[in-house]
Amino acid sequence: MAKRVVPETGRRRRRPTKQGQVLTHQLIVETALRMLREHGAAGLTARRLGLALGADASTVYRYFRGMDDLILAIADELFSHAMADWRSTGDWRSDLRDLGLRIYHAYLTHPQAAVLTASRVTGRPNEVASDETLLGVLRGAGFPDRDAVRIYHAFIDQSLAFAILDAATLALPTAAREADEEVWRDTYARLPASTHPNIAATAELLVARMNDSAYPTALDMLLSSAATQLRA
């Protein structure tokens with residue numbers, strides 16, 4: 001049976017924590033984000049979170065039904081970061097590009113949280129508001145509803161998929177990440193044309209590009225395809 005979550009007004013502590021702070025939903029989410037950044041997913045437990053907040057671990061369950069409920073709140077918080085202060089320019093393609101990069105960078109700012117949350121669907125206010133905005137941009141541009149949903153689907157999944165992919169790279173230990181990056185120069189760039197003619201012909205370009213994210217390129221390709229469809 002799911003645990004009952006006490007409303008905000010009913011669960012507020014009457015006295016500050018050991019750190020001198022009054023616990024709130026937002027403070028717990030922000031602290032959990034910091035713990036993920038510093039210790040990774042394995043380091044985020046109710047006990048450790050309670051210690052970081054200067055409160056008993058059971059206090060967390062007055063705000064969240066469980067740790068998975070907290071994970072969903074973290075996912076929604078990342079959408080809040082992405083949409084903060086966003087304003088439409090009136091140009092649908094520029095707006096979608098900006099929104100895609102905002103969502104992507106919001107997740108990349110918290111790579112450990114991205115790996116943990118980008119595949120989740122929360123149905124929470126910030127996520128819902130983001131989806132409403134994206135669909136509004138597409139419908140406002142003149143896309144029929146069926147096409148607007150199809151493009152939105154590809155757009156958001158592409159943004160989150162690249163966020164997970166690139167966040168996983170950033171979450172690697174530094175030595176492992178640097179070793180992976182050197183493979184393009186140490187292995188691919190040295191393959192002979194006699195056995196690998198296509199790699200040898202493009203080796204310099206591969207070395208220059210392959211350690212950078214392909215997301216901006218993929219995003220532009222998706223938007224170009226959508227623009228062509230709209231013109232047609």
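Predicted model: local features only at pLDDT ≥ 70, side-chain atom pairs only at ≥ 80, totals over all residues.
View 1. After the helix comes D85, with a positive phi near 65 degrees.

**View 2. A salt bridge between R124 and D69.** Here the closest N and O atoms are 2.3 Å apart. D69 belongs to helix α5, while R124 sits in the loop between α7 and α8, so the pair links parts of the chain 55 residues apart. Both R124 and D69 are buried.

**View 3. A salt bridge between D220 and R97.** The closest N and O atoms of this pair are 2.6 Å apart. Two helices are joined here, with D220 in α12 and R97 in α6, 123 residues apart. D220 is partly exposed, at 29% relative accessible area, and R97 is partly exposed at 29% too.

**View 4. R139 meets D145.** Their side chains form a salt bridge with an N to O distance of 2.7 Å. R139 has 51% relative accessibility and therefore counts as exposed, since the cut-off is over 50%. D145, at 45%, is partly exposed. The model has seven salt bridges by the rule used here.

**View 5. A negative surface patch.** Look for E178, D180, E181, E182 and D186, which form this patch. E178 lies in helix α10, residues 174–186, and is partly exposed at 45% relative accessibility.

Technical notes. Residues numbered from 1 in each chain as written. Heavy atoms only, no water. Helix = DSSP H or I, 4+ residues; strand = E, 2+ residues; numbered from the N terminus. Patch = residues over 30% accessible without salt bridge, like charges linked within 9 Å, V, L, I, M, F, W, Y side chains within 5 Å. Areas by Shrake-Rupley, 256 points an atom, 1.4 Å probe, with all protein chains shown as cover. Salt bridge = Lys/Arg side-chain N within 4 Å of Asp/Glu carboxyl O. Lys, Arg positive; Asp, Glu negative; His and termini not counted. Charge placed at Lys NZ, Arg CZ, Asp CG, Glu CD. Buried < 20%, exposed > 50% of the residue type's maximum accessible area, 1.4 Å probe, protein only.
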